[in-house]
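Please read the following report beside the sequence and the model, which are shown here.

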Amino acid sequence: MAMHPLLKDHILPLRRYALALTGNSDQSDDLVQETLARAIEGAGSWDPRRDLRKWLFGIMHNTHVSAVRRRVLEGEVAGQIASLASEAVPASQFTQVHFSETIASLMRLPDDQREVMVLIAVENFSYKDAAELLDIPVGTVMSRLARAREALRGSPATSPSDAPAANRPALRLVR
């Protein structure tokens with residue numbers, strides 16, 4: 001027996017329970033949607049001899065508990081990041097501008113090149129690990145990285161004319 005037609009009878013009770021859990025109509029709608037999506041995904045694990053209503057409410061409860069834990073954890077991490085940021089020395093104006101331009105250039109790269117660039121250059125994955133993570137050959141990682149580097153070298157954010165005079169190599173007069 002397909003589960004989908006049976007779910008329709010339980011949506012209203014689920015909405016009431018979700019509203020009781022969250023106290024917010026938007027969040028309760030999201031919770032019902034997440035619950036139904038998980039029920040449909042896990043339909044294969046449901047035994048038709050079991051009480052569908054009890055199973056659905058169990059999914060909703062677990063989904064809600066997980067969301068609450070996630071929010072608490074995110075709040076703690078955000079607090080830790082904020083405290084670290086307040087302790088950090090602000091970057092110089094040039095560094096801030098250069099960083100923003102570099103990020104803008106990175107974001108203009110095609111998705112496949114940007115993800116390889118971030119994995120290799122920012123996250124310090126090896127070529128082999130990045131290839132396994134993206135499920136592509138190592139040679140493809142290397143070629144995408146090379147194209148990304150080439151594109152970034154040509155971008156306005158990385159042109160030598162943007163470097164401050166103190167960081168530029170001294171010019172010598174050639175006759």
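Arg-144 is buried, since its relative accessible area is 16%, where buried means under 20% relative accessible area, exposed over 50% and partly exposed in between, with a 1.4 Å probe and protein chains only. The residue belongs to helix H8; helices (H or I, at least four residues) and strands (E, at least two) are DSSP runs numbered from the N terminus. Leaving aside residues up to four places away in sequence, Arg-144 touches Asp-112, Gln-113, Glu-115, Val-116 and Ile-136, a contact being heavy atoms within 4.5 Å.

## Basis of the model

This is a predicted model, in which local features need pLDDT of at least 70 and side-chain atom pairs count only at pLDDT 80 or more, whereas totals for chains, interfaces and linings use all residues. Residues are numbered from 1 along each chain as its sequence is written, and side-chain values use heavy atoms, with hydrogens and water left out.

The chain has a mean pLDDT of 82, with 85% of its residues at 70 or more; pLDDT is the predictor's confidence in each residue, from 0 to 100. Where pLDDT is low, the predicted coordinates should not be read in detail.

## Overall architecture

The secondary structure comprises eight helices and zero strands, and along the sequence the pattern reads α-α-α-α-α-α-α-α. Of the 175 residues of the chain, 24% count as buried, and among contacts between residues at least 6 apart in sequence, 55% join residues at least 24 apart. The chain exposes about 12500 Å², of which carbon and sulfur atoms supply 57%, by the Shrake-Rupley method with a 1.4 Å probe; for residues, only the protein chains shown count as cover.

## Nonpolar cores

The largest nonpolar core has 14 residues, of which Leu-14, Val-32, Trp-55, Leu-56 and Met-60 touch the most other members; such a core is a set of buried Ala, Val, Leu, Ile, Met, Phe, Trp, Tyr and Cys residues joined through side-chain atoms within 4.5 Å. Helix H2 (11-22), H3 and helix H4 (52-87) are the elements that give two or more residues to this core, and H4 gives the most, with six residues. A second, separate core of 13 residues includes Leu-106, Val-116, Ala-130 and Leu-145.

## Aromatic pairs and a charge over a ring

Two aromatic pairs are found in a search of the whole structure; rings of Phe, Tyr and Trp (its six-membered ring) pair if their centres lie within 6.5 Å, and planes under 30 degrees apart count as stacked, over 60 as edge-to-face and the rest as tilted. The rings of Tyr-17 and Phe-57 form a tilted pair, because their centres are 5.1 Å apart and their planes are at 35 degrees. Since Tyr-17 lies in helix H2 and Phe-57 in helix H4, this pair ties together parts that are 40 residues apart in sequence. Tyr-17 counts as partly exposed at 27% relative accessibility, whereas Phe-57 counts as buried at 18%.

Trp-46 and Trp-55 form a tilted aromatic pair, 6.2 Å centre to centre with 35 degrees between the planes; Trp-46 is buried at 9% relative accessibility, as is Trp-55 at 11%. The charged end of Arg-53 sits over the ring of Phe-57, 5.2 Å from its centre, the criterion being NZ of Lys or CZ of Arg within 6 Å of the ring centre and within 35 degrees of the ring normal.
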